[in-house]
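I opened the structure and kept notes as I went.

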Amino acid sequence: MTKIFIFFFIVLTTIVVESSNQPHPLDPITPSEIDLVRIIVLKAYPPSTLSFQYVGLDEPEKSTILSWQSSSLNSKTKTLPPPRRFYVIARYKKQSLEITVDLSTRSIVETKVYKGHGYPMLNIQEQTAASALPFSYGPFKESVKKRGLNISEVVCSDFSIGWFGEKITKRLLKIKCYYIEGTVNLYMRPIEGVEATVDMDEMKIVDYKDRYVVPLPKAEGTEYRASKLKPPFGPNLKGISLMQNGGPAFKLDGHTVSWANWEFHIGFDIRAGPIISLASVYDLEMQKYRQVLYRGFISELFVPYQDPTEEWYYTSYFDSGEFGFGQSASSLEPLTDCPSNAQFLDAFFADGNGKPVNVTNAFCIFEKYAGDIMWRHTEVEIPNQVITEVRPDVTLVVRMVSTVGNYDYIIDWEFKPSGSINIWVGLSGILEVKAGTYTSTDQVKEDIYGTLLADYTIGTYHDHFLTFYLDLDIDGEHNSFVKNTLETARVKDRNIPRKSYWTVVSEIAKTESDAKIKLGLKPLELAVVNPNKKTKPGNKVGYGLIPGSVSHPLMVSDDFQQIRAAFTNYNVWVTPYNKSEKWAGGLFVDRSRGDDTIAIWTQRDREIENKDIVLWYTMGFHHVPSQEDFPIMPTLTSGFELRPTNFFERNPVLKTKSPQPVHWPNNCTSHSQP
């Protein structure tokens with residue numbers, strides 16, 4: 001039998017889950033709050049004519065939150081949080097209403113009728129209703145019949161259609177359908193050439209097209225359920241488990257997490273999904289927690305497909321603003337989505353009727369040790385000595401998965417004892433494919449805008465751009481954004497044989513225009529610093545942005561979809577904090593015109609030096625599908641790091657002790673060799 005060792009940190013404490021009578025001001029909405037919001041709103045508007053599109057926390061002013069937090073930390077008794085208010089977007093008589101509800105007074109405190117361009121996020125009920133309309137529509141039933149298909153094996157889904165210069169728009173969706181005979185992998189069997197257009201306010205089909213017939217992709221080879229797959233199986237993996245002596249080492253108080261040298265709050269929003277707030281790291285030398293991140297979340301996710309044909313040209317999704325990253329949250333499966341040492345949290349959102357929906361196991365929180373190294377060095381230069389010091393790297397991960405249609409997005413916020421925060425995005429799920437007439441690449445004589453994956457199956461080229469809202473408060477709210485450019489310089493001393501070197505030219509961004517950056521064009525180091533706080537040697541304390549893989553939009557700037565997604569024109573933006581500026585693509589994204597994006601806000605060119613600022617970072621994937629993505633896609637992962645940069649006086653994990661090994665019980669045989 002092979003001996004197995006698992007590390008644990010003896011300085012950390014066992015998880016304690018507690019409930020608090022007084023909610024944290026940034027806690028996500030609860031079922032009882034959803035019910036109360038619904039009751040208050042429906043007192044003013046008849047339920048038969050009103051639908052709920054968004055219900056989320058109307059977060060208190062930042063100064064109020066920080067004051068409450070300071071009072072709570074310094075007071076022996078719990079300080080009462082500010083009143084709970086919620087922001088509601090509803091459709092009522094073909095108008096979008098913005099309603100603010102105060103639960104402390106059980107009243108509506110403000111109502112506005114939105115007069116701008118665009119429409120609110122789609123709720124689940126109306127998407128389901130729209131997708132059902134073709135089944136009672138005669139022309140559609142004829143289309144199914146002429147293809148020799150069984151209508152009971154047809155399923156339909158809705159697609160946003162964007163904006164292409166129309167002066168007047170209606171709230172429309174496209175409906176496309178799939179054939180599931182012989183498989184549950186519906187996205188691999190599109191009924192190509194057929195589409196319906198639905199007026200969402202009238203809830204009826206207003207246009208229908210059946211332009212051509214192509215072969216239906218085969219069901220064979222599209223199955224992915226373990227129970228339905230047939231031998232041979234592989235590759236074979238041996239069982240792995242993680243044992244933590246005494247249980248997990250983090251404490252969960254409501255939605256506030258304490259672990260190692262970190263404290264932070266976990267929130268949830270129907271549109272944004274996971275929200276991390278009030279993240280502070282403990283400085284061992286200063287003997288106190290220091291502010292790092294006030295609030296961070298995915299502001300928008302833009303997915304443009306690259307097929308310009310009649311049936312596909314409009315296919316571009318704003319997954320947050322149109323469909324809701326939180327509304328699309330999936331229940332996580334213990335032991336597969338998350339390891340055995342994970343703890344889980346539920347999340348709730350309001351459906352189209354204003355009633356609570358429970359996403360069980362929406363979050364998992366777990367300590368991760370995968371053999372990574374925190375730091376190490378082997379010294380052999382000292383005569384007669386070999387010195388080796390190594391520390392294993394244990395981290396804490398907060399995970400949520402959002403399944404938006406065919407794609408599954410795995411979002412990890414990873415906290416490291418070194419003070420870094422790593423944000424990872426994993427892409428899995430099913431490709432959006434187009435049915436064609438080809439069975440071999442030899443038959444292809446024109447651009448098919450994708451990769452031939454199998455008979456009659458084309459994986460369409462597309463992108464994924466995720467824009468993160470990162471309100472960094474480095475040791476306080478007043479921060480600056482620094483661009484350090486690495487430039488080549490000539491050696492001037494002719495007595496030195498070397499001719500060149502590189503040096504750092506530092507620039508503090510004065511206004512928003514100074515902070516717009518397309519990464520990858522020149523070597524840059526980027527940081528948010530506190531110009532009012534310095535280390536002993538005199539460096540400004542800060543956190544650096546360490547980007548992952550760099551992608552830029554490849555559509556022309558005056559393409560209508562790119563106008564709407566102008567927030568992806570730069571990888572980095574910096575704006576002064578404004579509570580109302582949360583959504584990079586605008587508040588009303590469906591059929592929007594790009595007139596409420598960060599690209600518009602920053603035209604004011606506001607001052608950002610030594611101000612309360614927000615960093616916006618866009619990471620991207622250009623996806624050229626390959627056969628390995630068929631019939632289900634192995635996870636493709638990228639991410640970025642927020643890393644201490646002269647924040648600490650020295651390596652903050654220098655004095656971290658090596659964990660003691662924990663031996664598996666002698667009767668454990670799960671890892672024995674055959």
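**Ground rules**

I am looking at a predicted model, where local features need pLDDT of at least 70, side-chain atom pairs count only at pLDDT 80 or more, and totals for chains, interfaces and linings use all residues. Residues are numbered from 1 along each chain as its sequence is written, and side-chain values use heavy atoms, with hydrogens and water left out.

**Entry: Glu-432**

Where does Glu-432 lie? I found Glu-432 in the loop between strand S23 (421–429) and strand S24 (433–435). Strands here are DSSP runs of E with at least two residues, helices are runs of H or I with at least four, and both are numbered from the N terminus.

Is Glu-432 buried or exposed? Glu-432 is buried, with a relative accessible area of 4%. Buried means under 20% relative accessible area, exposed means over 50%, and partly exposed is in between (1.4 Å probe, protein chains only).

Next I looked up its contacts (heavy atoms within 4.5 Å). I left aside neighbours within four places in sequence; among the residues in contact with Glu-432 are Phe-159, Tyr-178, Tyr-187, Trp-312 and Ile-458. With Tyr-178 there is also a polar contact, side chain to side chain, at 3.1 Å. A polar contact is a pair of N or O atoms within 3.5 Å; within protein, one must be able to donate a hydrogen and the other to accept it, and residues adjacent in sequence count only if both atoms are side-chain atoms.

Then I checked for a charge partner. Lys and Arg count as positive, Asp and Glu as negative, while His and the chain ends are not counted. Glu-432 has no salt bridge, although it is buried. The nearest side chain of opposite charge is Lys-176, 6.6 Å away.

I also compared sequence and space. Ser-418 is 14 residues from Glu-432 in sequence, and their C-alpha atoms are 40 Å apart.

**Entry: strands**

In what order do the 3 strands of the open sheet come? I read S24-S26-S25, with antiparallel pairing. S24 and strand S25 (450–454) are the edge strands, each pairing on one side only. Two strands pair if DSSP finds at least two bridges between them.

S25 pairs with strand S26 (residues 457–460) over 4 bridges, in the antiparallel sense. Within that pairing I noted Ala-454 opposite Thr-457.

I moved on to S34. Strand S34 (residues 633–645) runs antiparallel to S23, and 8 bridges join them. Ile-423 stands opposite Phe-640 in S34. Strand S31 (residues 540–546) also pairs with S34 in the antiparallel sense, over 5 bridges. There, Tyr-543 has Pro-644 as its bridge partner.

**Entry: salt bridges**

A salt bridge is a side-chain nitrogen of Lys or Arg within 4 Å of a carboxyl oxygen of Asp or Glu. How many does this rule count? The count comes to 35 salt bridges.

I looked up Asp-210 and Arg-147 and found a salt bridge of 2.8 Å, N to O. This pair links distant parts of the chain, 63 residues apart: Asp-210 is in strand S10 (residues 204–210), and Arg-147 is in the loop between helix H4 (138–146) and strand S7 (154–160). Asp-210 is partly exposed at 24%. Arg-147 is buried at 17%.

Next came Arg-171 and Asp-201, whose closest N and O atoms are 4.0 Å apart. Arg-171 lies in the loop between S7 and strand S8 (172–179) and Asp-201 in the loop between strand S9 (194–199) and S10, so the pair ties together parts that are 30 residues apart in sequence. Arg-171 is buried at 2%. Asp-201 is partly exposed at 29%.

Then I took Asp-455 and Lys-218, with closest N and O atoms 3.0 Å apart. Asp-455 sits in the loop between S25 and S26, Lys-218 in the loop between S10 and strand S11 (250–253), 237 residues apart. Asp-455 is partly exposed at 26%, and so is Lys-218 at 41%.

Last, I noted a network of salt bridges that links Lys-62, Asp-471, Asp-473 and Asp-612.
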